[in-house]
Amino acid sequence: ALAAAAVAAARAPLPSRRRFSAALALRSPAGGGPRRRELYVTSKLWPSDHARVREACLGSLRALRLDRLDLYLLHWPPSDDGSLERLWRCMESLAAEGLATSIGVCNCSARRLDALFALRPAVAPAVNQVEVHPGWRNEATLAACAARGVHVTAYAPLGRALGAGAGASLLNEPVVREAAAQLGGTPAQALLRWAIARGCSVVPKSSSRARIEENARSLRLAPREGGRAGEVEALRALDAIEPQQRRMTGETLVGARRLYASVEEVWR
């Protein structure tokens, strides 16, 4: 039931239900603004808080002035199964206590997802938030999530660089611009539409009201020619983008007293 609620909310059209991804320092708007039931509020358990799961969740709730999160994500699941089980049982306790309606994971590889389900969780992860865009289709992870009934939320859906050595943005790729022209939208809208067509919800990062509104309009694009078939053809062209390269490299998580021993371990 928790998973179904999370997926339904994630797929609900804008602006009927707006996704709200919360950082620790973020505060709820004072006075006007949207009502709570119009928002789907997501926060994350940061790796530095893996030893204090409940306290971290309560801290996020206090910062947001809320008594419940719609979704709480285990960010960067650990590589060893023992730590993963301990953390997931703590996450399940948050759901049982009503502090989070649904729980999920972020940057969880297909192998780690299998390890998580091997624990026979009392509450299955509702969502896996991972990098997905035409420059990193992440097909193995998407397939693993589909097989397990886990909804995928795509971060970095515009293919912008997130770490040292990462590839450049996809916005200026000729094939993206051509797809945008066929869809009657902007390159950003074409990229978002590509991810949505794959069944993902998307969380493009922007602080510009105009761009946020532009992103929302990606749900209502109308191809200039060919209707639905024209859209499928335009988006299929984006599948040919090569090379496939992560924008989130994971390098900052590696080293002494960090979460992982190597970049390979980050994504294993």
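Arg-246 lies over the face of Trp-267, at 3.7 Å from the ring centre, where a charge is said to sit over a ring if NZ of Lys or CZ of Arg is within 6 Å of the ring centre and within 35 degrees of the ring normal. This is a predicted model, in which local features need pLDDT of at least 70 and side-chain atom pairs count only at pLDDT 80 or more, while totals for chains, interfaces and linings use all residues. Residues are numbered from 1 along each chain as its sequence is written, and side-chain values use heavy atoms, with hydrogens and water left out.

## The aromatic cluster

Trp-267 also belongs to one aromatic cluster together with Trp-76 and Tyr-260. A pair of aromatic rings is described by the distance of the centres and the angle of the planes. Here the rings of Phe, Tyr and Trp (its six-membered ring) pair if their centres lie within 6.5 Å, and planes under 30 degrees apart count as stacked, over 60 as edge-to-face and the rest as tilted. A search of the whole structure finds two aromatic pairs. Because Trp-76 lies in the loop between β3 (69-75) and α3 (81-97), and Tyr-260 in the loop between α9 (227-236) and α10 (263-267), the pair ties together parts that are 184 residues apart in sequence. The helices (H or I, at least four residues) and strands (E, at least two) named here are DSSP runs, numbered from the N terminus.

Are the two residues of this pair buried or exposed? Buried means under 20% relative accessible area and exposed over 50%, with partly exposed in between (1.4 Å probe, protein chains only). Trp-76 is buried, with a relative accessible area of 4%, and Tyr-260 is buried as well, at 1%.

## Cysteines and the accessibility of single residues

| Residue | Relative accessible area | Class |
|---|---|---|
| Cys-90 | 27% | partly exposed |
| Cys-145 | 0% | buried |
| Ala-156 | 15% | buried |

A disulfide is a pair of cysteine sulfur atoms within 2.5 Å, and by this rule the count comes to zero disulfides. For Cys-145, the closest cysteine sulfur is that of Cys-108, and because the distance is 7.4 Å, the two are too far apart for a bond.

## Strand β4 and its neighbours

Strand β4 (residues 100-106) is largely enclosed by the rest of the structure, because six of its seven residues are buried. Two strands pair if DSSP finds at least two bridges between them. On one side of the description stands β3, which runs parallel to β4 and is joined to it by six bridges; Leu-71, for example, has Ser-102 in β4 as its bridge partner. Strand β5 (residues 127-131) is also parallel to β4 and is joined to it by two bridges, and there Gln-129 is the bridge partner of Cys-106.

The chain passes from β4 through helix α4 (residues 110-118) to β5, and this β-α-β crossover is right-handed. That word applies if, with the strands pointing away from the viewer, the path from the first strand over the helix to the second runs clockwise. Likewise, β3, α3 and β4 make a right-handed β-α-β unit.

## Helix α7 and its cover

Helix α7 (residues 187-197) is mostly covered, with nine of its 11 residues buried. Among them are Leu-191, Leu-192, Arg-193 and Trp-194. What covers these buried residues includes α6 (174-183), β7 (201-203), α8 (209-216) and α9. Just after α7, Gly-199 takes a positive phi of about 90°.

## Backbone details in the loops

Which residues other than glycine have a positive phi? Trp-76 has a phi near 55°, and Ala-156 has one of about 50°. Ala-156 is placed in the loop between β6 (151-155) and α6.

## The chain as a whole

The protein chain has 10 helices and seven strands, and buried residues make up 47% of its 268 residues. Contact means heavy atoms within 4.5 Å. Among contacts between residues at least 6 apart in sequence, 68% join residues at least 24 apart.
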